[in-house]
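Colleague: I am new to this one. Can we go through it step by step?

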Amino acid sequence: QVQNISQSMEVLDLRTYRDLQYVRNTESLMKGLDSRLKVAAESQKSLNARSFQELKDKMTELLPLMPVLDQYKSDTRLIVHLKEEVRNLSGSLLAIQEEMGAYDYEELQQRVLMLEARLHACMQKLGCGKLTGVSNPITIRASGSRFGSWMTDTMTPSADSRVWYMDGYYKGRRVLEFRTLNDFVTGQNFVQHLLPHPWAGTGHVVFNGSLYYNKYQSNIAVKYHFRSRSILVQRSLAGAGYNNTFPYSWGGFSDIDFMVDESGLWAVYTTNQNAGNIVVSRVDPQTLEVLHSWDTGYPKRSAGESFMICGTLYVTNSHLAGAKIYFAYYTNTSSYEYTDIPFHNQYSHISMLDYNPRERVLYTWNNGHQVIYNVTLFHVIKTSGEL
């Protein structure tokens with residue numbers, strides 16, 4: 001980048017030198033013209049009155065150019081000074097790079113990115129709390145069919161604002177990746193990923209550069225890596241229902257729902273063994289192995305949708321208008337409570353509801369509308385000892 005700046009400065013310097021010659025030539029011509037006019041004004045022998053007046057009028061028009069030329073010459077000196085500073089900076093950076101080596105620089109960059117991710121994770125955990133309220137809906141876009149899913153990555157740096165879009169609830173393989181949220185709103189600047197296996201439901205999530213989804217007509221969890229455009233791992237969720245065996249109340253093959261909160265990756269589903277009650281499982285994002293599971297006791301077919309915040313599963317009692325967040329299960333204490341947190345279901349049919357811990361918002365697909373909700377968390381700060 002510094003090299004590009006230096007090259008640009010070289011080009012600017014050449015143009016400046018060339019233009020300065022024009023300026024100097026113009027300046028000398030103007031001075032010569034001014035002298036001739038003074039001589040002519042005294043004698044008026046070589047010019048008739050009309051020609052003399054025309055020259056005088058031209059000179060009057062050109063006079064404001066004089067201070068402009070003086071300023072241009074001053075700016076030229078500043079540009080020369082700036083060019084010298086850029087050269088010094090470029091030389092210093094090249095010396096640092098030679099001292100460190102290119103490999104060390106890349107390694108340092110990776111370490112900085114890792115530290116940024118760790119700092120981000122610490123901040124999210126510090127800000128964990130209990131859900132107390134949901135804002136009014138904010139409609140981002142109206143597109144696609146009645147059912148679908150859209151999301152941003154929950155673990156990338158804040159500068160990465162890519163949006164992923166998956167229309168439909170079964171047999172789909174087409175994932176659109178938009179460069180920014182604004183591009184998503186306008187429907188421009190996207191690339192297409194064609195998944196090797198079709199998906200079921202709308203419970204997909206993007207986590208640290210990979211898409212986690214339920215493979216159609218199976219209880220297999222799939223991890224698809226966007227950059228390499230390949231499946232990194234796939235694994236069966238033992239006993240998990242599929243093919244509308246235990247969906248949410250709206251159906252749509254929503255048997256298995258992946259989600260991410262401040263503490264990592266989760267899968268929400270149910271089994272025959274759990275009598276159709278919602279099971280919450282912590283999942284290893286690298287291997288897709290189930291690390292721990294909780295039986296919430298809440299029937300999945302009676303749930304509209306659900307999402308995780310700070311290790312707590314929140315469940316809505318309907319996917320239709322008038323729904324509220326009705327039930328909360330706390331994995332840290334293996335306990336539950338019934339809640340009464342209303343939220344405005346503006347378009348009357350929610351088929352996807354997911355929390356993004358990076359942005360502290362709920363992403364929703366509501367009857368062909370992509371909608372977000374801000375959340376309010378009640379923070380409990382625990383201290384050791386007396387204050």
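Predicted model: local features only at pLDDT ≥ 70, side-chain atom pairs only at ≥ 80, totals over all residues.

Colleague: Is Phe253 buried or exposed?
Modeller: Buried means under 20% relative accessible area. Phe253 has a relative accessible area of 15%, so Phe253 is buried.

Colleague: What is phi of Phe253?
Modeller: Most residues other than glycine have a negative phi. Phe253 has a positive value. Its phi is near 55°.

Colleague: Where is Gln217, a residue with a positive phi?
Modeller: Phi of Gln217 is near 60°, and this residue is not glycine. Gln217 lies in a loop between two strands. They are β8 (210–214) and β9 (220–225).

Colleague: Which strands stand at the edges of the open sheet of four strands?
Modeller: The order is β11-β12-β13-β14, with antiparallel pairing. Two strands have a single partner each, so one side of each is left without a neighbour in the sheet. These edge strands are β11 (257–261) and β14 (290–299).

Colleague: By how many degrees are neighbouring strands of this sheet turned against each other on average?
Modeller: The value ignores direction. The average turn is 25°.

Colleague: Which residue of β14 stands opposite Val280?
Modeller: Strand β13 covers residues 277–283 and runs antiparallel to β14. Six bridges join the two. Opposite Val280 stands Trp294.

Colleague: Which residue in the turn of the β17 and β18 hairpin has a positive phi?
Modeller: β17 (324–330) and β18 (335–342) are antiparallel and joined by six bridges. Tyr329 has Tyr336 of β18 as its bridge partner. Four residues lie between the strands. The one with a positive phi, about 55°, is Ser334.

Colleague: Which residues form a nonpolar patch on the surface?
Modeller: One member sits in helix α3 (residues 65–100): Leu89. Leu89 has 47% relative accessibility, so it counts as partly exposed. Together the patch residues have about 250 Å² of accessible area. They are Leu89, Leu93 and Ile96.

Technical notes
Residues numbered from 1 in each chain as written. Heavy atoms only, no water. Pairing = 2+ DSSP bridges. Axes fitted to C-alpha atoms, helices over the stretch in contact; angles between N-to-C directions. Patch = residues over 30% accessible without salt bridge, like charges linked within 9 Å, V, L, I, M, F, W, Y side chains within 5 Å. Areas by Shrake-Rupley, 256 points an atom, 1.4 Å probe, with all protein chains shown as cover. Salt bridge = Lys/Arg side-chain N within 4 Å of Asp/Glu carboxyl O. Buried < 20%, exposed > 50% of the residue type's maximum accessible area, 1.4 Å probe, protein only.
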